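The following paragraphs accompany a sequence and its three-dimensional model. Please keep both in view while reading.

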Amino acid sequence: MREIILKKAEELSFCHVLGDEDSSFNGKFRRGSVQKGTNTIPMETIHRNAQIRSLLLFDIDAVPKLLTGISFTNFELFKVLDFEDAPLYSVPEDLGNLFHLRFLSLRRTKVKMLPKSIGKLQNLQTLDLKYSLVDVLPVEITKLKKLRHILAYSYQLNPEGRFLTTRGVHIGEGIGSMLDLQKLCYVEANNGRGLIEELGKLRQLRRLGIVNLMEEDEPSMCASISNMKYLESLIIFSKDDGILNLQTISDPPRYLRTLGLQGGLSRLLDWLPVLQNLVHVVLVNSRLSYDPMEVLQSLPNILDLSLSNVHGGECFCLAELGFQKLKVLCLSDMKRLKTLKIHEGALPVLECLEIGPCPQMEVPSVICLLKTLTRIDFFCMPREFACSMLPQDGQNYHIVEHVPNVFFH
């Protein structure tokens, strides 16, 4: 079926796919897809094809050779350039010649810098720099009034697959003029209060990620967020896991579906219960002095909850009828947590449970009440804890025997 589709696409000049079995582009086509075996790609053929609109590269190993001696001047009709995962180390200076370009992806490439000519891409709508090496956006980026999505971040993970740090990009002042922006993640906040204040002008934002927010900039951040009526995702990392004070958001975004906060909290946000549309909540290093479950379990639509080092107490208590829609619960880095209490009627549809590292935790006997569980992951738990739940001679095996998949990492 795939071969039939590819042949039909080529006959209609819709798309030509170049792979191991085909080493040449013949005829005219609007979209080109390059897959593997790129050492002999005849880029001069693409160079002569004035009709080409899109070029996508998959699993290739010689991008620098492809671009050697090739000018973007002859690709003025390009609308899509997708270099994701390509071994690309730089972008030609004449990138700005691609006036019609709408989508540019350098995701997971080795590119460190964008050319200043990017400011000429007046029709660019999406700039994807995720997991690239770009850490500073040129000031010319603020000239792109049609740009809707700036995706530029990378996570550093530990061996258990949990992120430790997040890196964003530095953006200079002037971003407040990019009024069409809908996604901006992540931005390094340590460029000054002027940048934070300008964010308040981006009233069309649906997704915002901020990294290294300093305490002195938090009032300005609260004022800016109050202007973002359509925000659906908000993720903020404080600088050096310092205190996050976001209590003064006067008008919290009521359409918010995802909330992620990394940093100390003196108490949970007073306006949190207003967010009736919240689906995903992540709290990291909150270091609260009390059990936050009483507030969190009242959120009616939450599906995914991840708590890491949020509470220094010995017990989490889930009240009757708490978390009626929750499907995923993750509890990690609770050094003093010993007991997980789940009253009857709580977590009626929970499917996945992740616990650990929690070195003091006793085996939660209440797991046997969670009949809908399909998977449990225990991370870095004591050996005795794990052995007690093994099928052979584990005294606590009966607690988890109804769960199809139980993993110890």
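Is D333 buried, partly exposed or exposed? D333 is partly exposed, because its relative accessible area is 36%, where buried means under 20% relative accessible area, exposed over 50% and partly exposed in between, computed with a 1.4 Å probe on protein chains only. The structure is a predicted model, in which local features need pLDDT of at least 70 and side-chain atom pairs count only at pLDDT 80 or more, while totals for chains, interfaces and linings use all residues. Residues are numbered from 1 along each chain as its sequence is written, and side-chain values use heavy atoms, with hydrogens and water left out.

D333 sits in the loop between β17 (328-332) and β18 (339-342); helices (H or I, at least four residues) and strands (E, at least two) are DSSP runs, numbered from the N terminus. The phi angle of D333 is near 55 degrees, a positive value in a residue other than glycine. D241 also has a phi near 55 degrees, positive although the residue is not glycine. D241 belongs to the loop between β12 and β13 and is partly exposed, with a relative accessible area of 26%.

Two peptide bonds deserve attention in the backbone. The bond from C185 to Y186 is cis, with omega near -5 degrees, and Y186 lies in strand β10 (residues 183-188). G356 and P357 are likewise joined by a cis peptide bond, with omega about 0 degrees; P357 is found in the loop between β19 (352-355) and β20 (375-378).

The interior comes next. A nonpolar core is a set of buried Ala, Val, Leu, Ile, Met, Phe, Trp, Tyr and Cys residues joined through side-chain atoms within 4.5 Å. The largest such core has 102 residues, and those with the most contacts inside it are L184, I236, L305 and L307. Contact means heavy atoms within 4.5 Å. Not counting residues up to four places away in sequence, L307 touches L283, M293, L296, F316, C330, L331, S332 and M334. A second, separate core of seven residues includes C185, Y186, V211 and I235. C185 counts as buried, at 1% relative accessibility.

Y186 also takes part in an aromatic cluster, together with Y131, Y153, Y155 and F237. T166, in strand β9 (residues 163-167), touches several of these residues: leaving aside neighbours within four places in sequence, T166 is in contact with Y153, S154, Y155, Y186, V211 and F237. T166 counts as buried, at 10% relative accessibility.

How many aromatic pairs does the whole structure hold? A search finds seven, where rings of Phe, Tyr and Trp (its six-membered ring) pair if their centres lie within 6.5 Å, and planes under 30 degrees apart count as stacked, over 60 as edge-to-face and the rest as tilted. The rings of F378 and F385 have their centres 5.2 Å apart and their planes at 70 degrees, so this pair is edge-to-face. Both F378 and F385 are buried.

Helix α5 is mostly covered, with seven of its nine residues buried. The buried residues are E218, S220, M221, C222, S224, I225 and S226, and what covers them includes α4 (193-199), β11 (207-213) and β12. C222 has a relative accessibility of 1%. The count of disulfides, pairs of cysteine sulfur atoms within 2.5 Å, comes to zero.

The charged side chains complete the picture. There are six salt bridges, each a side-chain nitrogen of Lys or Arg within 4 Å of a carboxyl oxygen of Asp or Glu. One of them joins R108 and D85, whose closest N and O atoms are 2.8 Å apart. R108 lies in the loop between β5 (103-105) and β6 (126-128) and D85 in the loop between β4 (80-82) and β5, so the pair ties together parts that are 23 residues apart in sequence. R108 is partly exposed at 37% relative accessibility, and D85 is partly exposed at 43%.

A further salt bridge joins D251 and K229 (2.5 Å, N to O). This pair links distant parts of the chain, 22 residues apart: D251 in the loop between β12 (233-238) and β13 (258-262), and K229 in the loop between α5 (218-226) and β12. D377 and R375 also form a salt bridge, with closest N and O atoms 2.6 Å apart. Here D377 is buried, with a relative accessible area of 5%, whereas R375 is partly exposed, at 34%. Finally, salt bridges that share partners join E84, D85 and R108 into one network.
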